[in-house]
Amino acid sequence: MKLSRSALGVLGASALLASGAGAIDMDINSPESIKKAAGIAAAGLRKWYTGDRPGDVPGNLPDPYFWWECGAMFNAFIDYWYYTGDDQYNNITSQAMQHQIGDYQAFMPPNQTKTLGNDDQAFWGMAAMSAAENKLPDLPDGQGPSWLALAQAVFNTQAVRWNTDACGGGLKWQIFTFNNGYNYRNTISNGCFFNIAARLYKYTNNQTYADWAEKAWNWELAIGLMSQDYHYFDGTDDRQNCSSVNHIQWTYNAGVHMAGAAALWNATGSEEWRTKLLGIINATNVFFKDNIMFEVACESNGKCDVDQRSFKAYLARWMGYTMIVAPWTRDLMMNRMQLSAQAAAKQCNAGEDQQTCGLRWTNNGVNDGSFGVGEQMAAMEIFQNLLIDQVSGPATENAGGISKSDPSAGGEVQSQPITFNEITTGDKAGAGFLTTIVLIGIVAGAWWMVA
Ligand SMILES: *[C@@H]1O[C@H](CO)[C@@H](O)[C@H](O)[C@H]1NC(C)=O
Ligand SMILES: *[C@@H]1O[C@H](CO)[C@@H](O)[C@H](O)[C@H]1NC(C)=O
Ligand SMILES: *[C@@H]1O[C@H](CO)[C@@H](O)[C@H](O)[C@H]1NC(C)=O
Ligand SMILES: *[C@@H]1O[C@H](CO)[C@@H](O)[C@H](O)[C@H]1NC(C)=O
Ligand SMILES: *[C@@H]1O[C@H](CO)[C@@H](O)[C@H](O)[C@H]1NC(C)=O
Ligand SMILES: *[C@@H]1O[C@H](CO)[C@@H](O)[C@H](O)[C@H]1NC(C)=O
């Protein structure tokens, strides 16, 4: 289903591409021009969302998009508002976040139980964290927990899932035993946990979060989900005690750790985190071709699935965050952010509006005809993260923060769901789904898969 959808996109595009007039015109030296470009991409992204329509479900994207990507998308809209000041998407954002709060007030909605992975939950948790950092007003009293408390609840529910039955620790991909992938320990789940813990530490200065961030980092390194030179791999099977690792590299795994390391450097000022952050940035070279970002594992062979087409959005997001909280990284990354943004803008020239973005930015302005939430969000993020000088940076409890802390949010979590809704979940999969199954076939033989 996913692959045929992509094929349709390509067919549809060849007709639309004929005139090729559009493209997003963006001057990287003009914040106004960048805002305009981000606004065009944001409007294109918003068109995919139907959850605010009567009878639809706030916080869900239509098929084939999975629930986690909707959380990722609202994180993009929260940052969009923060960077541009344009608040036109804030109400659909608050509405969706509120509707998806779910069990334990920790983004565990019963409708998603059948596939709810730690990574899926965490993408919503990171959106709440961004809302707190960016000072998006909390929901009105009595209508839900604060944004910060939601992020804390995600952290607390995940910390109790730290699993020492095998592999010496780590989070499993899946939360519930009955879901596919329960035996997989993937890097994105552990990386999201690291990211949230690190940012909670920066925000609250509570040492417990820093300790967990260290613990997750050290475990990933020990088990080989991360190499000594800061490359991040996909995951490992705990039925084999995590003795072998799937070595595919994704932009979002590098990005999620980059931002966490940057937060820890910011909060501690330590040489140790500076070295680690430098190493992560250096290792992201694998995701740039002539300084233009690309998804190395699947972009050139046209095999990126619906999830993977959004991953560049998160590396762009977390590079922006990193440059704000660790300003010395700017010289290492700003140039490639700008070149990637220009390349992305140049190919946003398809579709009815002649401003729809495709997947490949390395195509010298030729739109590849792959359209969707991921493609649109990635372009939007690479544009808006050029606006880091327009903002003061993530708030903390002692520096401008307005979201209320609740360190015990999400407590009393049990291992099985409180409520379970079988009707709506169908056979949807989570954020890391193809990470283990399909891709082994797709990219076998590529160098980054070699152990
Ligand atoms: C958001 O605001 C727009 C414009 O004010 C309005 O048309 C729309 O109904 C609002 N949506 C929600 C979910 O409140
Ligand atoms: C769960 O599904 C039902 C039925 O589609 C829907 O009415 C409800 O809003 C959904 N809840 C969430 C949190 O998605
Ligand atoms: C499983 O892996 C952990 C972590 O590497 C190790 O400490 C433990 O000894 C291993 N257990 C077995 C039975 O090999
Ligand atoms: C940068 O990355 C390359 C390739 O992974 C590695 O060989 C080199 O040692 C790294 N340099 C630093 C300073 O980390
Ligand atoms: C830490 O991050 C804040 C934004 O949250 C920024 O204002 C500050 O300059 C950073 N600290 C350092 C030492 O760079
Ligand atoms: C720090 O966080 C931990 C873990 O959530 C919590 O148990 C503790 O109460 C917090 N401490 C303070 C001072 O808020």
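Q: In this predicted model, where buried means under 20% relative accessible area and exposed means over 50%, is Gln347 buried or exposed?
A: A residue counts as buried under 20% relative accessible area. The relative accessibility of Gln347 is 0%. Gln347 is therefore classed as buried.

Q: How much space lies in the largest cavity?
A: The count of cavities of 30 Å³ or more comes to 3. The largest cavity holds about 120 Å³.

Q: Which residues that line the largest cavity are the closest to its centre?
A: The lining of the largest cavity has 6 nonpolar, 3 polar and 4 charged residues. Helix H3 (67-84), helix H5 (118-133) and helix H11 (311-325) each supply at least two residues of this lining. Of the 13 lining residues, the closest to the centre are Asp79, Tyr83, Glu133, Asn134 and Tyr321.

Q: Which residue has a polar side-chain atom 2.3 Å from an oxygen atom of ligand 5?
A: The residues around ligand 5 are Lys202, Trp265, Asn266, Val325, Pro327, Ser392 and Pro394. A side-chain N or O atom of Lys202 is 2.7 Å from an oxygen atom of the ligand, and a polar backbone atom of Pro394 is 2.8 Å from an oxygen atom of ligand 5. The residue with a polar side-chain atom at 2.3 Å is Asn266.

Definitions and conventions. Residues numbered from 1 in each chain as written. Chains lettered and ligands numbered in written order. Predicted model: local features only at pLDDT ≥ 70, side-chain atom pairs only at ≥ 80, totals over all residues. Heavy atoms only, no water. 1 Å grid on protein atoms, 1.4 Å probe; cavity = no way out; pocket = protein on both sides within 12 Å on 5 of 7 lines; lining within 4 Å. Points joined across faces, edges and corners; volume = space filled by probe spheres on them. Helix = DSSP H or I, 4+ residues; strand = E, 2+ residues; numbered from the N terminus. Nonpolar A, V, L, I, M, F, W, Y, C, P; charged D, E, K, R; others polar. Buried < 20%, exposed > 50% of the residue type's maximum accessible area, 1.4 Å probe, protein only. Near = heavy atom within 4 Å. Polar contact = N/O pair within 3.5 Å; in protein donor to acceptor, adjacent residues only side chain to side chain.
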